Amino acid sequence: MPSDSTRERLLRILRQKGPQTVAELSRDLGVTSAAVRQHLARLQSEGWVEPAGLVRGTGRPGRTYTLTAQSERLFPQHYDRLALELLEALRRMENGEALLRRLLGLRRQLWWERYAARLAQSSWEERMAALLAIFEERGTFPQLAPLDEGSYLLTEHHCTVGKVAARFPELCDEEQQWLSDVLQATVERRQCLALGDGACSFLIVPRSGSAAVPSQTAEGG
């Protein structure tokens, strides 16, 4: 959330009370209307606040302001906590370890369905470029370095599920397996952020004859 205390309070008021006029915000914040307008203008330019409509009263109609959909990211989110609780609950069930592996296998199948077509390129250079773009979209700050004899080193400098992967390293295993399956390559994990390394990295070695991505129909790989 923006660090300025007045801006934080303004955002909190909009979150708690819904659309507010400049006059209402000025009263609640204890600052002038001009100051409120300055804060609103900046927050609107940053995409956190937007006009919501007009309120008619005894005087001139007052424009109201509300939070945008993307402002959700400014407030505490506990998706990692939810994921940890759900996975821990699953693990405690009867045959929990097998159920966890099955669940993660189905997640890997979803990745396959989402990305396989983009990776079905005729050349390894094109496939690696597509892979790099996918990891960029996933926000892992990837780098891809070609090595000798046609192999590659994929490095991810950020893990988007780091807190969960630290407790459930099976997530890392599934990513490695997905890379191996979708690329038809031998994939060796060299580093892992969840295990305390400075990055996640994979050595990708193409298998002979793996010119195109095959179809996959079996559930979970």
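The following paragraphs go through the nonpolar cores of this predicted model and then through its salt bridges.

In soluble globular proteins, nonpolar side chains tend to be buried together. In the present model the largest nonpolar core has 21 residues, and those with the most contacts inside it are Leu119, Leu131, Trp178, Leu179, Leu183 and Ile204. Helix H6 supplies the largest share, namely six residues.

The charged side chains come next. A search of the whole structure finds 18 salt bridges, and three of them can be followed here together with the accessibility of their partners. In the pair formed by glutamate 46 and arginine 42, the closest N and O atoms are 3.3 Å apart; glutamate 46 counts as partly exposed because its relative accessibility is 31%, and arginine 42, with a relative accessible area of 48%, is likewise partly exposed. Glutamate 97 forms a salt bridge with arginine 91, with 2.9 Å between the closest N and O atoms. Here too glutamate 97 is partly exposed, at a relative accessible area of 43%, while arginine 91 is partly exposed at 24% relative accessibility.

The salt bridge between glutamate 175 and arginine 138 has its closest N and O atoms 3.4 Å apart. Glutamate 175 lies in helix H8, whereas arginine 138 lies in the loop between H6 and strand S4 (142-146), so the pair ties together parts that are 37 residues apart in sequence. Glutamate 175 has a relative accessibility of 11% and therefore counts as buried, the limit for that class being under 20%; arginine 138, at 22% relative accessibility, counts as partly exposed.

Beyond such pairs, salt bridges that share partners join Arg101, Arg108, Asp173, Glu174, Asp181 and Arg189 into one network.

Note on methods:
Residues numbered from 1 in each chain as written. Predicted model: local features only at pLDDT ≥ 70, side-chain atom pairs only at ≥ 80, totals over all residues. Heavy atoms only, no water. Core = buried A, V, L, I, M, F, W, Y, C linked by side-chain atoms within 4.5 Å. Buried < 20%, exposed > 50% of the residue type's maximum accessible area, 1.4 Å probe, protein only. Helix = DSSP H or I, 4+ residues; strand = E, 2+ residues; numbered from the N terminus. Salt bridge = Lys/Arg side-chain N within 4 Å of Asp/Glu carboxyl O.
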